[in-house]
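Hi,

Here is the structure I promised to pass on. Please open it alongside this note; what I found follows below.

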Amino acid sequence: MNPCTAVAPLEPPAHVVALFAPVRRMEAGRVRCELGEDHDDDHAAMLWDEGGRAGRAVWARWDGRSMRLASLDRCGVSVREYGPCGLFDGHPSAHGWEVTGPTGEAIARQ
């Protein structure tokens, strides 16, 4: 399945940068959706693993109007050939190993 091509600016407000400063340096940039192209929910990009909470990560979730950060459990599905899914629990569309495209394939070859 092809990956979603949605990209969004990540411009954390000063109070969010200050809130996360003790655990994570946040900078403005762009995020790319990690879901399959057929998803019918918000776009999603993992920002970082939560070091103190095994199996959880902070994700940027957005639609066409707004973005939010969410601490989400990891998808528990894993297969021998590919390992764990890599997305969040309850994600829409395909599992992480099923979402492929030229960029991901080039990275995997390296």
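**Cysteines**

The count of disulfides comes to zero in this model, which is a predicted one. A disulfide needs two cysteine sulfur atoms within 2.5 Å. C4 does not qualify: the nearest cysteine sulfur belongs to C33 and lies 3.9 Å away. C4 is buried, with a relative accessible area of 9%. C85 is in no disulfide either; the nearest cysteine sulfur is that of C75, 3.9 Å away. C85 also counts as buried, at 6% relative accessibility.

**The sheet**

Three strands form an open sheet in the order β3-β4-β5. The pairing is antiparallel. β3 and β5 are the edge strands, each pairing on one side only. From one strand to the next, the twist averages 30 degrees. β4 covers residues 56-62 and is joined to β5 by seven bridges. Within that pairing, R56 stands opposite D73 of β5.

**D42**

Where does D42 sit? Its place is the loop between β2 (29-32) and β3 (43-49). Is D42 buried or exposed? D42 counts as buried, because its relative accessibility is 18% and the cut-off for buried is under 20%. Which side chain does the side chain of D42 meet in a polar contact? That of R68, at 2.8 Å. Leaving aside neighbours within four places in sequence, D42 is in contact with L35, R61, W62, D63 and R68.

Best wishes

How values were computed. Residues numbered from 1 in each chain as written. Predicted model: local features only at pLDDT ≥ 70, side-chain atom pairs only at ≥ 80, totals over all residues. Heavy atoms only, no water. Buried < 20%, exposed > 50% of the residue type's maximum accessible area, 1.4 Å probe, protein only. Helix = DSSP H or I, 4+ residues; strand = E, 2+ residues; numbered from the N terminus. Polar contact = N/O pair within 3.5 Å; in protein donor to acceptor, adjacent residues only side chain to side chain. Contact = heavy atoms within 4.5 Å. Pairing = 2+ DSSP bridges. Axes fitted to C-alpha atoms, helices over the stretch in contact; angles between N-to-C directions.
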